[in-house]
Amino acid sequence: MGAAAQLTLLARVGAILGSGLPRQETLERVADLLVPAFAGWCAIDLEGEHGELERRVALPKAFPPLPPDAPHGPAIVMRTGEPELVREVTEDALFAAARGNWAALAVMRELGLKSAMCVPLSTGNRAIGTLSLLATERHYGNAELELMTEIGRRTAAAIESDRTRARTQMLFEASPTPMWVYDADTLAFLAVNDAAVEHYGYAREQFLAMSIKDIRPPEDVPKLLADVASQGGPGSRNSATWRHRRADGSLIDVEITSGRIDFEGRRAALVVAHDVSERKRLERRLADAEKMEAIGRLAGGVAHDFNNLLTVISGYAEILRARDKGEEIEEIARAARQAAGLTRQLLAFSRRQVLHPTVLDLNEIVAGMESMLHRIIGDDVSVATHLAADLAPVKADRAQIERVIVNLAANARDAMPDGGALTIETANIELEHYGEDDLNGPHVLLAVSDTGVGMDEEVRAHLFEPFFTTKQGGEGTGLGLATVFGVVKQSGGGIYVYSERGSGTSFKIYLPAAERPAARPAEVVVESDPVGGTETVLVVEDDTNVRDLVRLLLEHNGYKVLTVQDAYEAERACVELGVDLLLTDVVMPDVSGPSLAERISTAAPAVRILFMSGYSDAAVQRQGVLSERAAFIEKPFTERALTTKVREVLDGA
Ligand SMILES: Nc1ncnc2c1ncn2[C@@H]1O[C@H](COP(=O)(O)OP(=O)(O)OP(=O)(O)O)[C@@H](O)[C@H]1O
Ligand SMILES: [Mg+2]
């Protein structure tokens, strides 16, 4: 065979191998090229899964087969990896091939075999099969052996790359992570894997009819295009987080890693999309909680110190006012009262106010407030209530819950300057690890909704922070929702807002359902004039200024007042000096009010106890809850409030 013919043959084999036909067909075409021009018979054997040789092609089929395990045949070539050449087929060789089978030997003799060869289909480091040829018209030599060895090598390479492609295809398809390929020029999807179809909810055909722009929320598309352009085309290796839209419209946060590839001759990018929504949600939740916690600590700390100062300021203002009815002093007292209001709200936000929870029926509270709400809201806004029958009770501080409702209603009014509708709704609801607060179990929902201006994401993000307000010119303090937030959280509940700019707002508060039936509503306490007495009151308070003031106020009203330095002295005074009432701060450096009270009720059971506090550090640990029966007065207090309370406790049963 001439050199030109050899080259032509090689070129034609190359064309077949590169044609992308299925593997079996490729092998058959190769055999077609060789028979009859180059051989009387051609066989291709490939190694099967278990290492045995499988005959894939034999041409012509009728030709007596040279079995794979014939001497000088495929089995030996597989073992050695070296080509075998039988230049001259002798009688002996035929006999060996027929293995003593006389009939087979007769057939072979008749065919007139002249020459034989077998070459490995070698991938370089190993043989994956063999190519065998028998000739009746010629004798094979070294040149033919070399040519066939080369054809064997090329065929093996094609089969190998075919296998690799199939494996890669399988990896792509079977990957548990969504993956796709998209066209670098049109951005159209070219291929998507099962995980993508399943995770995104688009059918495969839907995917393939879309471009990567279609799975982005519209507002993110310009950024996507800019990103693609700035990185010199799609498929940059930097991973980044994007928002993707699923078929059901929900958005997910996705970390995208991509690479440039050549896909069926097109410039394309391969994308691996990792859904990180859950991680993002947790991160956001943590950041939010930390932010609120930090603001709360700051606000609570400031409010605590201010409270003591205000108690002193307003107390002395009151004493001065009693002496001379000056208008200036009235102003001081008024400012102090306002300031006290502010610090109370800050304490509420920081969840450090002392709560007096009782078992409450929210329906009854809402119903009782309706006429007041009408007054707050004005005539342009309608008020509707939807109260669930059989509403479970909740355990909360009645006054605080009322404050929550008033604050929400006031905000709703401000959001509806041109009128609208306010709706208050209650419902029983079973929650399962709900929302940021991970609420679980039976809850009572209190929803306050309006048809007002609504709010955008920026406002929603800062809504509950103290001093966040969008109201101009000092019209809002921004403490309304901060207070609401603190009260709800301290009561073990959660608050969520649903709102879009222009389409109203709905606040939903979930409070844990309480077990006991609702108690009678608390009686309304009317402040009377200061009332005096002659009993002995022991005042335990670590702030000297507050202590002095309380002593002054009580002595002014006829009481005998003792003050002591520490708990030990307090106990002794109660036992030995005939104390009638212990008036104690809740939080003190050496001993807490409640534990002092406990000691004294054991040592001197006749002594009545009244707590005073504006704040409790213990509140953080015990959620600021005194026992329900404990008498308590909140700082700062007026003379009237103090003396009324003292009288009440002394006279109480
Ligand atoms: N129902 C609502 N509709 C629209 N925006 C609201 C609504 N409720 C609250 N907001 C927004 O949240 C901000 C904070 O409310 P928050 O009650 O804490 O303070 P404020 O109402 O501004 O002041 P204050 O309560 O002291 O009068 C408001 O300024 C407003 O922008
Ligand atoms: Mg408000």
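Two strands are taken to pair if DSSP finds at least two bridges between them. Helices (H or I, at least four residues) and strands (E, at least two) are DSSP runs, numbered from the N terminus. The model is predicted: local features need pLDDT of at least 70, side-chain atom pairs count only at pLDDT 80 or more, and totals for chains, interfaces and linings use all residues. Residues are numbered from 1 along each chain as its sequence is written, while chains are lettered from A and ligands numbered from 1 in the order in which they are written.

The chain carries five assigned domains, with bounds from an automatic or database domain assignment. These are domain 1 (3–171), domain 2 (175–275), domain 3 (281–349), domain 4 (357–512) and domain 5 (536–651). The C-alpha centres of domain 2 and domain 4 are 41 Å apart. An unreviewed UniProt entry annotates residues 301–515 as "domain: Histidine kinase". Such annotations may be inferred rather than shown by experiment. Residues 301–515 are 45% helix and 26% strand, and their end C-alpha atoms lie 34 Å apart.

Strand 6 spans residues 179–183. Four of its five residues are buried, that is, with 20 or more other C-beta atoms, placed from the backbone, within 10 Å of their own. Strand 6 pairs antiparallel with strand 10 (residues 266–275) over five bridges. Here valine 181 has leucine 270 as its bridge partner. Strand 6 also runs antiparallel to strand 7 (residues 189–192), joined by three bridges. Tyrosine 182 is bridged to phenylalanine 189 of strand 7. Five residues lie between the strands of this hairpin, and leucine 187 takes a positive phi near 65°.

A nonpolar core is a set of buried Ala, Val, Leu, Ile, Met, Phe, Trp, Tyr and Cys residues joined through C-beta atoms within 7 Å. The largest has 51 residues. Leu362, Leu408, Ala409, Val484 and Phe485 have the most contacts inside it. Helix 10 (residues 277–323) gives the largest share of this core, seven residues. Domain 3 and domain 4 each supply at least three residues to this core.

Around ligand 1 there are 23 residues, each with its C-beta atom, placed from the backbone, within 6 Å of the ligand. Asn411, Ala415, Thr469, Gly476 and Gly480 come nearest. Helix 13 (398–415) and helix 15 (480–490) are the elements that give two or more residues to this shell. Helix 13 provides the largest share, four residues. The shell comprises 10 nonpolar, 11 polar and two charged residues. Ala, Val, Leu, Ile, Met, Phe, Trp, Tyr, Cys and Pro count as nonpolar, Asp, Glu, Lys and Arg as charged, and the others, Gly among them, as polar.

Notes: A residue is buried if 20 or more other C-beta atoms lie within 10 Å of its own, exposed if 12 or fewer, and partly exposed in between; C-beta atoms are placed from the backbone.
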